[in-house]
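Welcome, and please take a look at the model below.

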Amino acid sequence: MRGVALAAALLLPALARAAAGEPAETVRVEGEGEKAPTDLTGPVTIIRASDFASRITTLAELLEESAGLRVRSYGGLGAFATVSMRGSTAEQVDVYVDGVLLNPALGGGVSLGDLSLNNVEAIEIYRGFTPSYLPGGSIGGAINIRTKIANGTTGTSSLSYGSYGTTEASGAASRRGRRADGLVSLDLLGSSGDFTFYDNNGTPLEGEDDGFETRRNNRFWTADLAGRAGVDLDGGGRFDLQAGFTRRRQGVPGIDAFQSESARSGMSRALVKARLSRDLAAVEGLRLDFDAWYTRTTQEFTDRSGDTTGGPSIDTEHLIEAAGPSALMRWHPRSSGRSSHYFSVLAAARRETARLTDHLNPAGDDGRAMRFTGALSIEDEIHLAGGRFILTPSARWTRLSSRFRSREDVGDSRLTGRLGAAWLIRPRLSLRASAGRFYREPSFLEIFGNEGSVTGGGPDLRPEAGSNYDLGLSWDAAPSGPADRVHIEASAFLRQVDDLIQFVLTSQSRVTAANTGRAVVTGAELSAGLGLFGWFHGSLDYTWQVARDRSDTFARGGDLPGRPRHDLSARAGVTRPWGHPYYGFTYLGPSYFDAAAATVGGGSGRDLYRVPGRYLHDVGFTRPLGSRFEMTLEVDNIFNVLTVDVVRYPLPGRLVQAKLRMTLP
């Protein structure tokens, strides 16, 4: 592969120079929680619970602040929202909870609004490649959400209330004994969502009928309950059992000019996972993790009036079940000389079924779809020159088979690989690079789709294949004078996708999934952090990217829809004994609604064809109230900017919220 050769050409000379230098300390951690493995040669961002514990925020808002990530919201305030990375689609990003993949084979991506932050310990964002210890190998990167584990006998609770009747109550308690521990958490969130937005009445060329409207049928509530228990076994082993249940109900108001009064959606998801971990005394440095998990998800949508569909009535229910085992072996043999290895092998299987029920036409039910996926990945993380140089070759083999009712099986197998490298040029200056290929199998909808105006591409639809190239430089300055922290990280990336799957308009009322060709995304990311005087801290994340459509369609040469070229997020705050004031700023550049808009939107009427850019300002203040309580007041979008996202779904304006948080003991 050209990318592998490029990475080798860049970094092998560095190996020779590093070998002549002094040994440097190697930091490598493994296991659960704070000891969880991470990728040392790729672009990784880790958001820890301590970073957002006092804030009034959501998972979608946190991810929006990270470099390279773009969140698409279908209405704000708990609405369906998805995330993409570096110009990918939402379906090209794998989302995990403790290593369990949430992306449904049915398609559509993962809704961030269904994931609570109450039980989250850390959010790992892999912007380039999925690490080998996760079972998937997506094109668009991966997000792994690690839930909390018991850490002593503690308890937390919080209550917040704000604009539009937005209310959240949450609590968590944990206890740790000599050998056993347990944790339970509960989060309840709801809002009426009746914010004001500007409505052009569906006539962008006529201003006489424009005006302000109130968002209707936008109420939602969600409940999330999670528990976890573990016991330390004799001989260095551990057994963990965790379970979670999430339930959500919400109105679906539709786009700005044509609000629905009665459309509703619902989701319920149950997740159970068991893990047995063992350190084998017979083989030094060998650790085995055996996992078994099961998820059951129900998705409901009702629109009998046809307000959101343009006429047809809908009342459907999707039942999705998935289960599978996995085994991860990590071996760190005794170091020999100036080199050491962290060798890992993962074997995983996943069986998923989806049953589609149409309550208005039971005879027309599409029945059950099934997909089986098997994966085997091997990686060797090689530390050379006393840890100053790291080389990470890895390979992944994936086999999948899909079936829909009595139709023939659709199967495929692929071997993909990656080469990553990192060089510690100086104790606080490092260079990293990676190159490789991955792919994404089509969803059930893309292959077998037969839902009104949407049809699938059939068994001949090919998986999307992708190449990723990444080069980054990171520098942390030594504390000096008033500066106690200075961090700068810059990355350049290139992503190429072959056999891109898109829904192509085949008539005025029908779209069909098809392999349309290629897409190329180039870009750069900049992240910076600053700490002064021990009490001031600030951060900045900026992404520039150009996502070009190279497919064999009329859109060739235009920007891919929904991919803004500029995305900036900045935060600054002060931490003093009397409180913690903070400020946040985000800028998201304009993007086009769809491929047609991106093609014709360069003329004088371009604003009619694109989602406008937006500048948003947030402020907040947290004040401790004794040793156990703290109060937070936060105002998002302080200038009440009214804008839209994802094809005219209005976003809320100013949002004022207050939160009281208690910690025990």
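Let's begin with Pro 577, which sits in the loop between strand 29 (566-574) and strand 30 (580-588); strands here are DSSP runs (E, at least two residues), numbered from the N terminus. Pro 577 counts as exposed because its relative accessibility is 73%, where exposed means over 50% relative accessible area and buried under 20% (1.4 Å probe, protein chains only). Trp 535 lies 42 residues from Pro 577 in sequence, and their C-alpha atoms are 9.8 Å apart in space.

This is a predicted model, in which local features need pLDDT of at least 70, side-chain atom pairs count only at pLDDT 80 or more, and totals for chains, interfaces and linings use all residues. Residues are numbered from 1 along each chain as its sequence is written, and side-chain values use heavy atoms, with hydrogens and water left out.

Next comes an open sheet of 5 strands with mixed pairing, in the order 1-6-7-4-5. Its edge strands, strand 1 (44-48) and strand 5 (100-101), each pair on one side only. Two strands pair if DSSP finds at least two bridges between them.

Here are two of the pairings:

How much of strand 25 (residues 464-477) is buried? This strand is mostly covered, with 10 of its 14 residues buried.

Methods
Helices (H or I, at least four residues) and strands (E, at least two) are DSSP runs, numbered from the N terminus.
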